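Subject: Structure for you to look at

Hello,

Here is the structure I said I would hand over. Please open it and keep it beside this message as you read.

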Amino acid sequence: AFELQGYLTSIEQDLRIVAANPMVGEAIGVFDEAFAAIGENVIAVLKGAYIRDNPHPLGEKHLLDFSDVAPAYDAAHARYHPWFRELLIERGYYDIFLFNNAGDLIYSVFKEEDYATNFSAGGGEWAASDLGEAFRAARAAQVGQLSFFDFRPYGPSADAPASFISMP
């Protein structure tokens with residue numbers, strides 16, 4: 001119990017540091033603009049570039065820094081992805097997600113099938129998942145407030161147990 005509490009405390013500390021980092025706020029803005037610029041086919045374009053046409057095998061999609069399909073998004077990805085990937089690797093996280101206010105998953109380090117989909121209430125395929133709940137909780141939360149969703153099977157991760165912690 002003591003080790004689990006220490007682990008959860010370290011995640012909370014990381015999340016507070018990341019949420020307060022001006023570079024992260026900048027990244028959300030840049031990814032959001034680039035995501036919107038892709039237009040109606042954003043899901044197909046991003047999943048094609050970063051999942052299906054990604055030369056890295058399943059489980060290593062996060063190694064791709066840059067695609068050549070959506071110039072503004074690709075530039076944002078090349079700029080910010082190495083930092084988020086390093087955070088994920090160094091801290092042992094499964095994934096790191098960035099959402100826009102509309103609930104679109106505008107960035108993910110690991111790039112699974114939930115990538116580029118919408119998590120607002122009534123949104124995309126995974127909106128009713130705990131990740132959707134985590135997004136909506138963060139959106140409704142006060143600055144600095146954490147929301148935690150305990151381990152449950154998560155579809156995009158082959159039903160592996162996943163927990164989510166979110167913060168605005």
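Below are notes on a pocket and on a pair of helices. The model is a predicted one.

First, the pocket. Rolling a probe the size of a water molecule over the atoms shows where empty space is left. The largest pocket has a volume of about 1,200 Å³. Its lining is made up of 43 residues, and those nearest the centre are L15, I96, F97, I165 and S166. By type, 30 residues of this lining are nonpolar, seven are polar and six are charged. Several elements give at least two residues each to the lining, among them α1 (2-20), α2 (22-38) and β4 (160-166). The largest share, eight residues, comes from α1.

Next, the helices. Two packed helices are described by the angle between their axes and the distance between the axes. For α2 and α4 (residues 71-91), the axes come within 9 Å and cross at roughly 150 degrees. Angles over 145 degrees count as roughly antiparallel, and α2 and α4 are therefore roughly antiparallel to each other. The crossing of α2 past α4 is left-handed. Residues in the contact include V30, F31 and F35 of α2, along with Y80, W83 and F84 of α4. The contact residues comprise 14 nonpolar, one polar and two charged.

Regards

Technical notes. Residues are numbered from 1 along each chain as its sequence is written. This is a predicted model: local features need pLDDT of at least 70, side-chain atom pairs count only at pLDDT 80 or more; totals for chains, interfaces and linings use all residues. Side-chain values use heavy atoms; hydrogens and water are left out. On a 1 Å grid over the protein atoms alone, a cavity is a set of points where a 1.4 Å probe fits but cannot get out, and a pocket is an open set with protein on both sides within 12 Å along at least five of seven lines; lining residues have an atom within 4 Å of a point. Grid points are joined across faces, edges and corners, and a volume is the space filled by probe spheres set on the points. Helices (H or I, at least four residues) and strands (E, at least two) are DSSP runs, numbered from the N terminus. Ala, Val, Leu, Ile, Met, Phe, Trp, Tyr, Cys and Pro count as nonpolar, Asp, Glu, Lys and Arg as charged, and the others, Gly among them, as polar. Axes are lines fitted to C-alpha atoms, for helices over the stretch in contact, and angles run from 0 to 180 degrees between N-to-C directions. Angles under 35 degrees count as roughly parallel, over 145 as roughly antiparallel, 65 to 115 as roughly perpendicular and the rest as oblique. A crossing is left-handed if the near helix is turned anticlockwise from the far one by less than a right angle, and right-handed if clockwise. Contact means heavy atoms within 4.5 Å.
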